[in-house]
Every structure is written in C-alpha cells, then in structure tokens.
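Please look through the sequence and the model shown here before reading the points that follow. They are meant to be checked against the picture one at a time.

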Amino acid sequence: MNSEKVLSFFKEITRIPRESGHEEHIIAYLQEFAAKNNLACKTDEAGNVLITKEAAPGYENIPAIVLQSHSDMVCEKNEGVDHDFSKDPIRYIIENGWMIAPDTTLGADCGIGVAAQMAVLVSDMPCGKIECLFTTSEETGLDGAMALQPDFFTGKVLLNLDSEDEGEIFVGCAGGIDTTAEFNYKKEPVQEDFELQEIFVKDAMGGHSGDDINKGRANAVQLLGRFLYSILDLDWQLVAIDGGNKRNAIAREAKAVIAAEPDTLDIINERLESYAEEVAEEYGAIEKDLNLGYSGYEGDASEAIDEMTAWNLVAALCASPHGVLAMSQEIENFVETSTNLASVKMTEPGVIRIGSSQRSCVTAARRAAAAKMDACFVLAGAIVKHEGEYPGWAPAAESPIRDACVASYKKLFGVEPKVKAIHAGLECGLFTEKFPGLDMVSFGPTLRGVHAPGERLDLASLDKFVALLVDVIQNYR
C-alpha cells in the first residue's frame with residue numbers, strides 16, 4: 001500500500017456526488033467496492049457502512065483496529081461558478097505539490113480518509129482484523145455517528161482519519177451545538193420614489209469554523225450587518241438579505257438589496273466606500289481579496305421587509321458575537337470556546353433565518369456561548385432554538401494507541417509528532433459515549449482551506465500520512 005494507491009481512490013471519489021444528506025451515491029460505491037473485493041459489508045438505516053477485512057493467517061490474535069472517516073463533504077463554490085454538486089465531478093488541478101479545487105471545495109475532508117481506508121482494505125499487508133467505518137452526514141450534525149448502534153463494530157481501538165495537519169496526532173476535540181434564530185416579518189410596499197441597489201461583501205477567505213476560527217478571517221455576514229447598522233439613521237428599506245451557507249463554514253459572501261431615494265443612495269454609497277477602506281485596514285494583513293461594494297439591482301421588487309423587523313435584524317447581526325470567545329487555560333494556544341455566525345437566509349415567505357454554531361471542549365462554556373447567541377436574538381424579537389448538540393472528546397490519561405502512533409512517527413521520521421486537541425468537532429466525542437473504553441486517536445495529511453473553494457491537499461504530507469497509517473496497522477499489538 002502506498003500514497004499513489006490512496007490518491008487513485010480519492011480521484012475516483014471526486015467524481016461521486018456526496019453532499020451531506022445526499023450520500024446515496026457514495027454508499028452504493030462503497031457497497032460495490034466491498035462486493036467486488038469479496039469483503040464483508042453491512043449498512044445501517046443511517047447509511048453508515050462497515051467493511052471488514054479479516055485478519056491475515058497468523059495474525060488472528062492481534063487486536064482488531066477500526067479505521068473511521070465520514071463519507072460526506074461540504075459543498076461550497078465561488079459565486080458565479082457553474083457547478084452542480086449533485087452530478088458534476090469536482091474539478092481539480094495538481095500544482096506545486098498540492099491537489100487543489102480552484103473554484104469549489106475539494107472534498108479531501110474527509111474523502112482522503114475514505115480513500116486511505118479503501119487502500120488498506122485491498123492491500124496485501126499482513127495485519128490483524130481491520131474494520132472500516134464510513135459514517136454519514138458528519139458535516140451537518142454528526143448524524144451517522146449519532147445513529148450508530150453499540151454493536152455495529154467490534155474493535156476496541158479506533159483511528160479517525162479526519163484531521164488536517166500532518167505531524168500532529170489529535171487526542172481530544174471540542175463539542176458543539178447549533179443555534180437558529182428566526183424573524184417573522186411583514187411585507188410593506190417599496191416607496192414609489194425609491195430606487196433599488198445591492199450592497200455586497202464577497203471574496204473573503206472563509207474556512208472551517210473550528211480550525212480557522214482563530215485566524216482572524218473576516219465574516220461576510222457580520223461585516224454586512226455592521227455596515228447596515230451604521231446607516232440606520234438614514235431613510236431606506238431592506239428588500240432582501242442573503243449571506244453565508246453552511247454552519248461549519250465562516251461566511252465568505254453576503255449581500256443585501258435596499259431601496260432609497262437617489263440622494264440617500266449617494267450618501268449610503270459614500271459611507272460604504274469609507275467603510276470599505278476601514279475594513280481593508282482592519283483585515284488587510286489577512287484578507288487580500290476582500291471586496292465590499294454596491295451595484296445596481298436588476299431584479300424587480302415591489303415589497304420590502306417591515307421597518308421594525310429590518311431594524312431588529314440589522315441590530316442583531318451587528319451585535320452578534322463571532323469568533324473566539326475563550327482560550328484554554330490548560331492547553332497553550334488552544335481555542336476553548338467559539339461561535340460562528342454562519343448564515344442569514346430568507347428561506348421562505350415571511351421568515352428570515354440566521355444559522356450559527358458554538359463549539360467548546362467545556363460543556364458549560366459551550367452552552368453559555370449558545371445562550372449568548374440566544375439572548376442577542378431574543379432581545380431583537382427573534383424565536384431561537386438549539387439543536388444537534390454533541391459532546392467533546394477529553395484526552396485520555398492512558399492510551400496505548402496514542403503511544404503507538406507517537407513511537408511509529410518518531411521511528412519513521414526522526415522527530416516526535418505534536419500530541420494535541422483540536423477545536424473542530426470530531427465524531428470521536430460521540431464514540432466515547434457509545435463505545436465506552438474505546439481507545440482512539442485522529443491523524444491525517446495536511447489540508448488547507450477546507451469548507452471553502454480552493455481547498456487543497458498537500459501531496460508530500462499524504463506520503464507521510466500513509467506511511468504512518470501502514471506502520472501503526474502492522475505493528476500495533
């Protein structure tokens with residue numbers, strides 16, 4: 001088994017639609033793969049797939065190892081890009097040692113883990129029993145992991161292949177909760193002498209709301225809310241608003257359609273130009289392509305959001321926290337608690353929905369962050385609900401598989417890996433509840449820009465990831 005084999009499987013996977021909640025094609029692909037290779041396979045009602053490779057002769061007494069990754073991906077694309085994730089293959093390039101999807105997400109999170117599992121299953125390396133678990137809808141709420149039955153696999157040691165920094169072995173992660181706020185609004189007519197205009201924030205870096213939340217990146221929804229709040233002293237109407245997308249992605253784009261008299265629009269545009277300069281100074285060291293501006297609106301709109309709801313919405317978006325709320329006092333440079341203002345959508349007539357997520361390795365802090373979001377939007381007149389809470393994964397005092405991975409890494413590469421916790425949510429947190437005593441670690445190759453267009457995989461790190469995986473499988477006892 002080598003990295004070329006893993007990469008060949010991943011290239012196949014990039015041609016398979018597998019957006020969260022729509023994993024039927026990748027499930028069928030895995031089932032067909034198992035049948036073709038005469039491997040035992042079972043699938044539960046949630047779409048989780050388990051493919052088993054029995055122990056090689058003479059290795060029957062070696063402890064079984066569970067390899068785990070999730071089969072879904074975050075589907076994001078740049079504005080104006082013609083790509084249908086329900087049928088189109090991911091378009092990627094190989095450049096300067098990276099595999100890159102220039103205009104969409106690549107799906108290496110966690111497709112490269114899926115590919116590595118497949119390569120292990122068809123390899124001829126002598127080893128004990130291998131159980132490969134492929135879970136569903138991890139990106140939208142860990143749904144597959146939540147639905148797992150306690151007897152779905154038998155191994156007591158698990159390697160999660162859903163990490164994104166080669167040279168780091170993860171032994172803990174944050175838990176999370178989703179918070180949704182809804183404004184119910186009435187429609188009022190756009191005033192006859194008002195003209196329509198679009199205000200936009202686009203080309204922000206975005207990124208993973210866990211791994212990238214401490215990197216100082218701009219949130220397009222928050223930036224839009226800040227500007228709209230700054231012009232509430234003027235006479236204008238909010239016709240439409242849209243921004244962000246997935247809860248686990250930092251919002252890259254946001255826009256609002258407003259209506260006002262031409263003279264008022266001139267004042268708004270002057271303020272927006274000044275605001276854009278201020279934001280460029282604020283984020284200039286990080287956001288090289290961030291674009292704030294305005295343009296004429298070509299659509300036809302005769303109705304706007306009622307004034308009181310529009311005011312409350314704008315005020316709440318401006319006031320809403322986003323980013324790091326607390327750093328760990330126990331682990332150096334580790335984000336303990338954060339919140340992500342993910343999206344604002346007019347999803348149905350009369351409703352504006354704001355999506356957000358809160359993360360923390362401390363349950364009380366996670367719930368306090370969710371309460372903070374709750375209070376912000378309740379005070380503005382919204383209806384708020386919380387759902388999808390999942391636990392964190394606390395590092396174990398003793399972990400034979402952690403020690404084995406550290407020893408393998410040092411033997412292979414001459415240096416010790418970093419052993420740490422991650423602020424992103426991993427399914428391992430749920431596994432600790434469902435499978436008491438399960439010994440786990442998580443590691444993977446280096447990925448950058450996950451959950452955003454331009455996601456890329458470092459191919460040199462893939463070589464090291466595969467070498468470590470093979471060594472651990474062959475030598476763990």
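Leaving aside its neighbours within four places in sequence, with which residues is S69 in contact?

1. S69 is in contact (heavy atoms within 4.5 Å) with C110, G113, V114, Q117, L133, F134 and T135, once neighbours within four places in sequence are left aside. This is a predicted model, in which local features need pLDDT of at least 70 and side-chain atom pairs count only at pLDDT 80 or more, while totals for chains, interfaces and linings use all residues. Residues are numbered from 1 along each chain as its sequence is written, and side-chain values use heavy atoms, with hydrogens and water left out.

2. S69 belongs to strand 3, residues 65–70 (strands are DSSP runs of E, at least two residues, and helices are runs of H or I, at least four, both numbered from the N terminus). With a relative accessible area of 0%, S69 is buried (under 20%, whereas exposed means over 50% and partly exposed lies in between, using a 1.4 Å probe and protein chains only).

3. Helix 8, residues 363–379, has 17 residues and reaches 24 Å from its first C-alpha to its last. Among its buried residues are A365, A369 and M373, and because the buried residues fall within an arc of 145° seen down the axis, they line one face of the helix (the arc is that of the directions from the helix axis to the C-beta atoms).

4. On the other side of helix 8, A364 and L379 are exposed, while just after the helix G381 takes a positive phi of about 95°.

Methods. Expected span 1.5 Å × (residues − 1).
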